[in-house]
Amino acid sequence: MYDISVAMIIENLNALSKFLKKAEAILDVKKFDKSVVLATRLFPDMFPLSRQVQLVTDFAKGGGARLAGVNVPSFADEEKTFEDLQARIAKTIAFLKSLDAKDFENAATREVTLKIGGQERTMTGQAYYTGAFLPNFFFHMTTAYNILRSIGVELGKGDFMGR
């Protein structure tokens, strides 16, 4: 579970960081207000870009922690700038790198309990990984990517895949 979770999530967090840097460079050239971009949503009932990035990191650190059987670190959701979001991504990567592979030995069968829709739900690590952790991580990463694409940032599949 360590090999298919931590390394893959770090790789994707690095991709997220790169496409945020690419977006910020374009915003600088076009002299766009970055705070407006961070508040951009795909639809009124969806979270803005800044919250999407926060959620990507929340699922990354939460997933790693739960599969390792350690406490999930708490990050305040106070990011207001691209630099703040980059720092949050870096802090998440540092946490994931601090996890020990031996803590994942029984991760597939370990019980994971979390609140979903206000209700506690218990499942195996494998069910959590495939049914909650990965889908949510990639949903919010894809939404952040799509917000940037919607404002004209030239990103492609290679950017999303971290190439």
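Visitor: Which elements each supply at least two residues of the lining of the largest pocket?

Guide: Helix 3 and strand 1 do. Before we go in, a word on the source: this is a predicted model, where local features need pLDDT of at least 70, side-chain atom pairs count only at pLDDT 80 or more, and totals for chains, interfaces and linings use all residues. Residues are numbered from 1 along each chain as its sequence is written, and side-chain values use heavy atoms, with hydrogens and water left out.

Now, the pocket. Rolling a probe the size of a water molecule over the atoms shows where empty space is left. Here a pocket is an open set of points on a 1 Å grid over the protein atoms alone, where a 1.4 Å probe fits, with protein on both sides within 12 Å along at least five of seven lines; lining residues have an atom within 4 Å of a point. The largest pocket comes out at about 190 Å³, a volume being the space filled by probe spheres set on the points, which are joined across faces, edges and corners.

Around it you'll find D58, F59, K61, G62, R66, V72, L114 and K115. By type, that lining has three nonpolar, one polar and four charged residues; Ala, Val, Leu, Ile, Met, Phe, Trp, Tyr, Cys and Pro count as nonpolar, Asp, Glu, Lys and Arg as charged, and the others, Gly among them, as polar.

Helix 3 gives the most, with five residues. Helices here are DSSP runs of H or I, at least four residues, and strands are runs of E, at least two, numbered from the N terminus. R51 sits in helix 3, which covers residues 49-68. Beyond its neighbours within four places in sequence, R51 is in contact (heavy atoms within 4.5 Å) with D77 and with D58, and D58 is one of the lining residues. From R51 to A65 is 14 residues in sequence and 21 Å in space, C-alpha to C-alpha.

Over on the strand side, strand 1 (residues 111-116) pairs with strand 2 (residues 119-124) in the antiparallel sense over six bridges; two strands pair if DSSP finds at least two bridges between them. L114, another lining residue, has R121 as its bridge partner in strand 2, while I116 stands opposite Q119. The two strands form a hairpin with two residues between them, and G117 in the turn has a positive phi of about 60 degrees.
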